[in-house]
Amino acid sequence: MITNLELFKNKPLIIAGPCSISSREQIFRIARESKEACADVIRCQLWKPRTRPNSFEGVGEEGIQWVIDLKKEINLPVAMEVMCERHVDLLKDVADVLWVGARNMQNYELIKRLTHEKHPVILKRGFISTIKEWFGAAEYLGLDRVIACERGVRTGADSMRFTLDLNSMLVMKHDKKVRVIVDPSHPAGRRDMVEPLAYAGIASGADGLIIEAHYNPEEELVDRDQTIDIPTLERIIQKSSTIHSAVQ
Ligand code: PEP
Ligand code: MN
C-alpha cells in the first residue's frame, strides 16, 4: 500500500488523466502518454457526478478491469474517485489513492467509511466550504494520509468557472499542516487558463497538481473545454518542477 510519504518526493506530485474514463483504449493511451510526460499518478474516474440527468455518468463498474490491466502495464499508481460507500468496497483493492469529490466533501457516511481503509485520500474542497468544514473533514480522515485539494470556490467573481482560493490553500498548509495540492482545471473551465493557474498553485507552495489531460482534448466527453493536451501537460510538469525548487 502506497503512503503519502512515498507519493510526495522533493518535486510536485503530478496526477493527470482524463476527466472521465470513456473506453479501455482511451485510458490506456492517455496513461501511456502521461507517463512519458512524467506524470506520477493517473486519474482514473469511473463514475461522474453530473449536474443534470441524461449526461454521460462514466463507464462505471465495467472499467474496473481496465484499470487493473492498466496498472500492470504502466506500473504507476492510480487515483480513483469514490462517491458512496459501495464504491469504496469496489475500489479499495484497485486504487492506490482514493478521492472524495467536491460534492461529497461533507458526506460523512462516506468519510467515515474511508476511515476503515488506509489509502491516501484526496479531499477536494466543497464549492463553498469554509476552512473549518474542509479541515474538519480532513481530521476525520486523518491528517497523515489526507491530501487536501483546492479546486476553486464560488465567489462573486465570474471571470472563470470557479475562483482558485490560494489563500485557503495556504492556511491548510501552513496553519493546519495538511498536505495540499491544486486542481487548476476546474477553476479555469477553459484550456488556456489551466497552465497559469497551475503555476500560481505551485508558486504558492502546493505540493502537487491534479490535471485533466487527453491526447485529443476535443474527444473528451466530460469537461472538454478545460482539458489540456499532452504537450501542455509535459510543459506544466517541467516548469512546475523549476518553480517548486525556486520557492522552496
Ligand atoms: C473532477 O475532478 O472531475 C471533478 C468533478 O472535480 P470536483 O469534484 O472538484 O468538482
Ligand atoms: Mn472534471
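Tutor: In this predicted model, helix 2 packs against helix 3 (residues 63-74) at an angle of about 30°, and their axes are 10 Å apart. Because angles under 35 degrees count as roughly parallel, helix 2 is roughly parallel to helix 3. The crossing of helix 2 past helix 3 is right-handed. On the side of helix 2, the residues that meet helix 3 are Arg-24, Ile-27, Phe-28, Ala-31, Arg-32 and Lys-35. Helix 3 contributes Trp-66, Asp-69, Leu-70, Glu-73 and Ile-74. By type, this contact has six nonpolar residues, five charged ones and no polar ones.

Cys-19 is in the loop between strand 1 and helix 2 (24-36), while Asp-223 is in the loop between strand 8 (208-212) and helix 10 (230-247); the pair is 204 residues apart and links distant parts of the chain. Both Cys-19 and Asp-223 are buried.

Last, strand 1 (residues 13-17) holds Ile-15. Ile-15 counts as buried because its relative accessibility is 2%. Beyond its sequence neighbours up to four places away, Ile-15 touches several residues, including Val-41, Ala-79, Ile-122, Ile-181 and Leu-209. From Ile-15 to Asp-183 the C-alpha distance is 9.4 Å, although the two are 168 residues apart in sequence.

Methods
Residues numbered from 1 in each chain as written. Chains lettered and ligands numbered in written order. Predicted model: local features only at pLDDT ≥ 70, side-chain atom pairs only at ≥ 80, totals over all residues. Heavy atoms only, no water. Helix = DSSP H or I, 4+ residues; strand = E, 2+ residues; numbered from the N terminus. Buried < 20%, exposed > 50% of the residue type's maximum accessible area, 1.4 Å probe, protein only. Contact = heavy atoms within 4.5 Å. Axes fitted to C-alpha atoms, helices over the stretch in contact; angles between N-to-C directions. Parallel < 35°, antiparallel > 145°, perpendicular 65-115°, else oblique. Left-handed = near helix turned anticlockwise from the far one by under 90°. Nonpolar A, V, L, I, M, F, W, Y, C, P; charged D, E, K, R; others polar.
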